[in-house]
Amino acid sequence: MKNDPYAALRYKEFNIFLMVRFAMVFAWTMQFIVIEWQVYSITKDPLSLGIIGLMEVIPAVSLALFAGHIVDQKEKRGLLIKCILGFSTISFGLFLLTSSQLVADIPQKLVLYGIYVLVFFGGIVRAFTGPTIFSLLALIVPKKTYSNAATWSSSTWQMAAVLGPALAGFCISWIGVNLSMLFIFVWALIALTGIFMIEKKPILNPKIGEPIFKSLNEGLKFVFTTKAVLGALTLDMIAVLFGGAIALLPIFAQDILKVGSQGFGVLRAAPAVGSFIIMFTTAYFPVNKNAGMKLLIAVFGFGLSIIGFGLSSIFWVSVLMLFLSGITDGISMVIRQTILQLKTPDHMRGRVASVNSMFVGSSNELGAFESGITAKYLGTVTAVVFGGSMTLITVLFTGIISPAFRKLDLSKDLEKEQV
């Protein structure tokens, strides 16, 4: 059957969904970068960058399973409205905390603690946002277009992740941290406006009111007994956990490469540019055939590029290595999202997405904390090279012990849905 690269885009609500997701991711990634810069400017301590990640990951992981249960029990659009409202409140709070006029008489340490508190509340919001978006996507497009929808959704995420960090670096230079936070708040309001253009969706869970512990046990059992899902999540979690070089970019920009805030924006955007390009390509050339082996190769390439970045002391080489890390990470993301969309039953999407956020999403913040700790005690370059090396070891180990995962092929699953 001929591949239609625009299959999912032929549904009006899916295009609105992409707009909302772009606005949310753009605002969220830009906010994280601005806060990273502000915190490191206050402390000049690599560990403080790790603490930012830790403050977000604690509530995100602690509430993930509970959030998945709630998402499977509730209407998805309404939940996403609440999530966007929560993020908007946090963004406005950060705008106030970064105002030199409002905090002129407040000790910098108290301002720092205030930022950490708001980041913590952001982790709570994120625990619900990921599963809600994942579940809503499956209610907007038919199952036969899940792979294409996952590609466009991931591409939209990466486009926002390109522009958010890049613009954050430039905005810090052009208008300062405080007005950058106001700009982020405006984008949160844009996302809030867009979500009201999507109709309410039915709740497909036949077990409404099911006891929470029984519900959570069912979700965990599904993940840990479905080898394709478990393998993809585990592989990506370890890679992201130990490949957390991105969290150390303020140090590379300010102290190693000495390229300032604009160079920081370029470095931060480079991996997202690579990811976006490769995911736009996969809309035309799907990676469903031999997906397991392609995922292993992609994560291995990611590890190599992270090591190359850590060893580089030349700006354009560092940008190239980060760009290549984005290409390999983009392939990994598309394959992983397709596996989750195809293998997850409709009534369990919230819980499975929550486990995914624990495995992969939260490992970004844990990776930031691990990188911060390693950089503080072993040095920044050593921390990055160590993380990349651990990624390579993980890929080799997974490929050896799981021949079934190496042979994973998603093309047959998609053919069945299109019959």
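**Briefing: an all-residue view of a predicted helical chain**

The residues lining the second largest cavity divide into 9 nonpolar, 2 polar and 1 charged, where Ala, Val, Leu, Ile, Met, Phe, Trp, Tyr, Cys and Pro count as nonpolar, Asp, Glu, Lys and Arg as charged, and the others, Gly among them, as polar. The model is predicted, so that local features need a pLDDT of at least 70 and side-chain atom pairs count only at pLDDT 80 or more, while totals for chains, interfaces and linings use all residues. Residues are numbered from 1 along each chain as its sequence is written, and side-chain values use heavy atoms, with hydrogens and water left out.

**Confidence**

- The chain averages a pLDDT of 83 (the predictor's confidence in each residue, from 0 to 100), and 92% of the residues score at least 70.
- Confidence is highest in helix α4 (residues 76–97), with a mean of 94, and lowest in helix α17 (residues 411–418), with a mean of 56.
- Where pLDDT is low, the predicted coordinates should not be read in detail.

**Overall architecture**

- The chain has 17 helices and 0 strands, both being DSSP runs numbered from the N terminus (helices H or I, at least four residues; strands E, at least two).
- Along its principal axes the C-alpha trace spans about 65 × 45 × 40 Å.
- Of the 419 residues, 60% are buried (under 20% relative accessible area, with exposed over 50% and partly exposed in between, for a 1.4 Å probe and protein chains only).
- Among contacts (heavy atoms within 4.5 Å) with a separation of 6 or more, 88% join residues 24 or more positions apart.

**The second largest cavity**

- A search of the whole structure finds 4 cavities of 30 Å³ or more, a cavity being a set of points on a 1 Å grid over the protein atoms alone where a 1.4 Å probe fits but cannot get out.

**A positive phi angle**

- Lys 258, in the loop between α10 (249–256) and α11 (260–284), has a phi near 55 degrees, a positive value in a residue other than glycine.
- Lys 258 is exposed, with a relative accessible area of 61%.

Note on methods:
On a 1 Å grid over the protein atoms alone, a cavity is a set of points where a 1.4 Å probe fits but cannot get out, and a pocket is an open set with protein on both sides within 12 Å along at least five of seven lines; lining residues have an atom within 4 Å of a point. Grid points are joined across faces, edges and corners, and a volume is the space filled by probe spheres set on the points.
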